[in-house]
Protein chains: 2
Amino acid sequence: MTEFGFVESIKKMFGEIPQRGFEGIGDDCAVLPVGDGTALVFTTDLLVEGVHFLRSAASAAEIGSKALAVNLSDVAAMGAVPVATMLSLALTDDTAGAWAEEFMCGYRARSSRWSVPLVGGDTSKSLSGVMVNVVAIGRARIECLKRRSAARNGDAILVCGALGASAEGLKDILNGDFETENACIHKNPTPQIEEGIWLGGRREVHAMMDLSDGLASDLEHILKASHVGARIDTECIPCVSDLKTAVCGGEDYKLLFTMRHSAVNRLRSEFAEEFGYAPAVIGTITKSQSNRPEWFADGKPIEADWQGFTHF
Amino acid sequence: MTEFGFVESIKKMFGEIPQRGFEGIGDDCAVLPVGDGTALVFTTDLLVEGVHFLRSAASAAEIGSKALAVNLSDVAAMGAVPVATMLSLALTDDTAGAWAEEFMCGYRARSSRWSVPLVGGDTSKSLSGVMVNVVAIGRARIECLKRRSAARNGDAILVCGALGASAEGLKDILNGDFETENACIHKNPTPQIEEGIWLGGRREVHAMMDLSDGLASDLEHILKASHVGARIDTECIPCVSDLKTAVCGGEDYKLLFTMRHSAVNRLRSEFAEEFGYAPAVIGTITKSQSNRPEWFADGKPIEADWQGFTHF
């Protein structure tokens, strides 16, 4: 069962239960308008030893830091400000002491950096393997929320930074090189919190999400939710190494967004003033009903059957 | 690290991070006032195979149902209405199919019963053992929220129903009797959602919590948070079997609350009209600074060193 399969099955099984003000499942976060012009957003991620991380390859502090980062990334990808997290931790006998303390130090360092309080949690013994579940809660003015379903025909498609570093880092780690620059990015990615909040404030930005499963796979979520297609000019994709790694590699946590075409130049220059770099324009939303991107190289269509990254 | 130790260590480590409107840790749920006179409350519980449940002793549906129930119980214990849950599930190869479906059926049945939508979640492969993390979100008018810190000197102490069934059921299960009445209560406890919401609406009710670790242990949380003591008349405690099991047994999920003494008779009779049974008065809040209950039997103090139930 992939995460996407799980989401589909939940939608079906739980469809008849009243939503109590929550918007339906399908975005980076669940959304609850709270009546003062703002909405709260909620996301959760489960990290399992041996599946999502190896204790032999990453320090406890790195794992704690990453567990927080990937959840904050989902909040920022909605254009929301992270306001709190909750943490559940299942610990083996040999991790319940010093390892857990170091994990919490990594978790706290990033919590401090973005001033996100830890407001609840649970701990348990685990008979084999560490398991970490993080919940992140965010808040935004309702008009700032960016949804996957908001892409429009003619929108420009942009990405905030070069893709593929995390996948390259994973290759390094599997080769035993734990401390290369890319390995460190894989072990401890930096979520684009400030960028997400800033883009949330721009009305010309329509759909947004963070790249966790790879561009090829994640872009399809926007296309399906928005009932549109896309043309991607592959030579415009900023790549850390090769194109395939950039398009199919997971866990980059860079923001992908679509926006009104006529406002691209101004937004890119104001973004660059704020953050020191500009998002790259990689393609255009089209009215194609296929909901799959069409890939081009130097103006010519290319055949590509790129699959995103999946853990399970 | 017990849950209580974890909470204490979080308080210390994260004390300097701004709370962003959240009340400090220490109740059944984290509390966030949202500006329209209501507050949202949040709780999370982690259940680990071999620690919290045995697949050989409980059906997948029972485990799914219980995972939801214990979280909804925490929400109701604040006097709040459960409005949503999120579910994270780590599945082994042999549980990813039929077992997971049956688990979801159990989870859905109770979600339907209380009209609580499932708004998010995550799934992962697990290399050994199922792990379940549930988050429950509730909502209440701010003046309805019941906190552990609100007990007052002279308050009556009440409990909603007989204690010890779950502990007796666990004994049955460990003896191989999986289908006794108490075993079924242990495997699939009924949270007192309606009672919690009803008591939330009564201003004469002060402190409230649900009994998950046993009366002896849980009552101390109220006493510490409220800076008071308590006198418990043990002959007044409704027991399923013996007194020790009632006082020390965990996972009853009955509500424990304190209230203005002069309103007890009216509240008990109105409660009984609504629910068909009356909460039992088991003692009185005192001004003792020891923060530990004093136990009495037929008016005479008894020595008791009762420890609550702890998983870890």
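Analyst: What follows is a set of questions and answers about this model, which is predicted.

User: Why is A:Ser73 called buried?

Analyst: A:Ser73 has a relative accessible area of 1%, and the word buried is used for anything under 20%, so A:Ser73 counts as buried. This residue lies in helix α2 of chain A, which covers residues 60–76, and, leaving out residues up to four places away in sequence, A:Ser73 touches A:Pro191, A:Ile193, A:Asp210 and A:Tyr253.

User: What makes B:Ser166 buried?

Analyst: The relative accessibility of B:Ser166 is 0%, and since the limit for buried is under 20%, B:Ser166 is therefore placed in that class. B:Ser166 is found in helix α4 of chain B, residues 165–174. Apart from its neighbours within four places in sequence, the residues in contact with B:Ser166 are B:Ile185, B:His186, B:Gly250, B:Glu251 and B:Asp252.

User: Why does A:Ser115 count as partly exposed?

Analyst: A:Ser115 has 25% relative accessibility, and partly exposed is the class between buried, under 20%, and exposed, over 50%, so A:Ser115 counts as partly exposed. A:Ser115 is located in the loop between α3 (98–113) and β4 (118–125) of chain A, and its phi is near 50°, a positive value in a residue other than glycine.

User: Is A:Asn291 buried or exposed, and what value decides the matter?

Analyst: The relative accessibility of A:Asn291 is 16%, which is under the 20% limit, so A:Asn291 counts as buried. A:Asn291 sits in the loop between β10 (280–286) and β11 (293–297) of chain A, and here phi is near 60°, again a positive value in a residue other than glycine.

User: Why is the pair of B:Trp99 and B:Phe103 called stacked?

Analyst: Two ring centres must lie within 6.5 Å for the rings to pair, and planes under 30 degrees apart count as stacked. The centres of B:Trp99 and B:Phe103 are 5.6 Å apart and their planes are at 25°, so the pair is stacked. Both residues belong to helix α3 of chain B (residues 98–113), where they are four residues apart, about one turn of the helix, and both are buried. Ring pairs also link B:Trp99 and B:Phe103 with A:Phe14 and B:Tyr107 into a cluster.

User: What makes the aromatic pair of B:Phe22 and B:Phe42 tilted?

Analyst: A search of the whole structure gives 17 aromatic pairs over all chains, and one of them is formed by B:Phe22 and B:Phe42, with 5.9 Å centre to centre and 40° between the planes. An angle under 30 degrees would be stacked and one over 60 edge-to-face, with the rest called tilted, so 40° makes this pair tilted. The pair links distant parts of the chain, 20 residues apart, because B:Phe22 is in the loop between α1 (3–13) and β1 (30–33) of chain B while B:Phe42 is in strand β2 (residues 38–48) of chain B. Both B:Phe22 and B:Phe42 are buried.

User: How do you know that the charged end of B:Arg231 sits over the ring of B:Phe296?

Analyst: The distance from the ring centre must be within 6 Å, together with a direction within 35 degrees of the ring normal. The charged end of B:Arg231 is 3.8 Å from the centre of the B:Phe296 ring, and is listed as sitting over that ring. In chain A, A:Arg231 lies over the face of A:Phe296, at 3.8 Å from the ring centre.

User: Why is A:Arg20 called partly exposed, and what does its side chain reach?

Analyst: A:Arg20 has a relative accessible area of 35%, which falls between the limits of 20% and 50%, so the term partly exposed applies to A:Arg20. The side chain of A:Arg20 reaches the backbone oxygen of B:Ser115 at 2.7 Å, and a polar contact needs a distance within 3.5 Å. Among the residues that A:Arg20 touches are B:Val81, B:Trp114 and B:Pro117.

User: How many residues are in contact between chain B and chain A, and what is the area buried between them?

Analyst: In chain B, 66 residues are in contact with 66 residues of chain A. The area buried between the two chains is about 5900 Å², of which carbon and sulfur atoms give 71%. Between these chains the count is zero salt bridges, whereas 13 residue pairs are in polar contact.

Key: Residues numbered from 1 in each chain as written. Chains lettered and ligands numbered in written order. Predicted model: local features only at pLDDT ≥ 70, side-chain atom pairs only at ≥ 80, totals over all residues. Heavy atoms only, no water. Helix = DSSP H or I, 4+ residues; strand = E, 2+ residues; numbered from the N terminus. Buried < 20%, exposed > 50% of the residue type's maximum accessible area, 1.4 Å probe, protein only. Contact = heavy atoms within 4.5 Å. Phe/Tyr/Trp six-rings, centres within 6.5 Å; stacked < 30°, edge-to-face > 60°. Buried area = accessible area lost by both parts, 1.4 Å probe. Salt bridge = Lys/Arg side-chain N within 4 Å of Asp/Glu carboxyl O. Polar contact = N/O pair within 3.5 Å; in protein donor to acceptor, adjacent residues only side chain to side chain.
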